[in-house]
Amino acid sequence: MEFNKNKWNYRELVDDDIDRCLSLYEKSFGSSIDGAMWRWKYNNGKGGGFVACEGEDIIAYYGGIGRNLFVKDNLLKCVQISDTMVDPAKRGIFKKNGVFASTANKFINSYTGSDKKYKFSFGFPAQRHAQLGERLGIYSIVDKLTQSIWQTHDKKSLFYFITTLD
């Protein structure tokens, strides 16, 4: 199945997209997510995402939640990739210029880097998804998580992890 990538438009997620993203979530995963949960994840600058549109339809989404991380005793603002999805009817081409890879790259190039909102992105993909990301050149496995501490008693969530990275 080939898709014409020129008919896809990419842009940042906006509030008006939420209902269509919830519908895409249900199509993609066969279960629903509450709109309040979605807003908690992404509204008020907590995170963000990119959508791929075909006409008025959202066919892909790649999003993340902002996190403050201590990495080797340095506090960094980073983004945890949290939701990635493609309309099942548009799946099949997992190439570097496919809709999934293109949406992911729009997100990563817009949000992460030394001069961007977040220093880097990270996530905890399942093995199959990690292999896909590596094959597409989107991300790679760099370490294993050995300890995590979530601090939720105040309004600023903190995620602290220790790695075995040399």
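Tutor: Start with one term: a residue is buried at under 20% relative accessible area, exposed at over 50%, and partly exposed in between, with a 1.4 Å probe and protein chains only. This is a predicted model, so local features need pLDDT of at least 70 and side-chain atom pairs count only at pLDDT 80 or more, while totals for chains, interfaces and linings use all residues. Residues are numbered from 1 along each chain as its sequence is written, and side-chain values use heavy atoms, leaving out hydrogens and water.

Student: OK. How many helices and strands does the chain have?

Tutor: It has 4 helices and 7 strands. Both are DSSP runs, numbered from the N terminus: helices are H or I with at least four residues, strands are E with at least two.

Student: What pattern do they follow along the sequence?

Tutor: The order is β-α-α-β-β-β-α-β-α-β-β.

Student: And how much of the chain is buried?

Tutor: Buried residues are 40% of the 166 in the chain.

Student: Let's zoom in on α3. Which of its residues are buried?

Tutor: Val99, Phe100, Ala101, Ser102, Thr103, Ala104, Phe107, Ile108 and Tyr111. They pack against β1, β2, β3, β4, β5 (121–122) and α4.

Student: What span does α3 have?

Tutor: Its 13 residues reach 18 Å from first C-alpha to last, close to the expected 18 Å. That expected span is 1.5 Å times one less than the number of residues.

Student: What follows α3?

Tutor: Gly113, with a positive phi near 140 degrees.

Student: Which residues have the most contacts inside the largest nonpolar core?

Tutor: Tyr62, Val99, Phe100, Phe107, Leu136 and Ile138, in a core of 20 residues. Such a core is a set of buried Ala, Val, Leu, Ile, Met, Phe, Trp, Tyr and Cys residues joined through side-chain atoms within 4.5 Å.

Student: Which elements supply this core?

Tutor: β2, β3, β4, α3 (99–111) and α4 (127–136) each supply at least two residues. α3 gives the most, with 7 residues.

Student: What does Ile138 touch?

Tutor: Skipping neighbours within four places in sequence, Ile138 is in contact with Tyr62, Phe100, Ala101, Ala104, Ile108 and Gly133. Contact means heavy atoms within 4.5 Å. Apart from this core lies another, of 15 residues, including Ile18, Tyr25, Tyr42 and Tyr61.

Student: In what sense does β2 pair with β1?

Tutor: Antiparallel, over 5 bridges, with β1 covering residues 8–12. Two strands pair if DSSP finds at least two bridges between them. Arg11 has Val51 in β2 as its bridge partner.

Student: How many bridges join β2 to β3?

Tutor: There are 8, and these strands also run antiparallel, with β3 at residues 57–71. Cys53 stands opposite Ile58 there. The hairpin has 2 residues between the strands, and Gly55 takes a positive phi near 65 degrees.

Student: Back to Arg11. What does its side chain meet in a salt bridge?

Tutor: Asp17, at 2.6 Å, N to O. A salt bridge is a side-chain nitrogen of Lys or Arg within 4 Å of a carboxyl oxygen of Asp or Glu. Asp17 also bridges to Arg20, with the closest N and O atoms 2.8 Å apart.

Student: Is Asp17 buried or exposed?

Tutor: Buried, at 0% relative accessible area. Arg11 is partly exposed at 30%, and Arg20 is partly exposed at 28%.

Student: How many salt bridges are found in the whole structure?

Tutor: The search finds 5. One of them joins Lys90 and Glu54, with 2.7 Å between the closest N and O atoms. Lys90 lies in the loop between β4 and α3 and Glu54 in β2, so the pair ties together parts 36 residues apart in sequence. Both residues are buried.

Student: Last one. Where does Ser82 lie?

Tutor: In strand β4, residues 74–86. Ser82 is partly exposed, at 27%. Beyond neighbours within four places in sequence, it contacts Tyr42, Gly63, Gly64 and Ile65.
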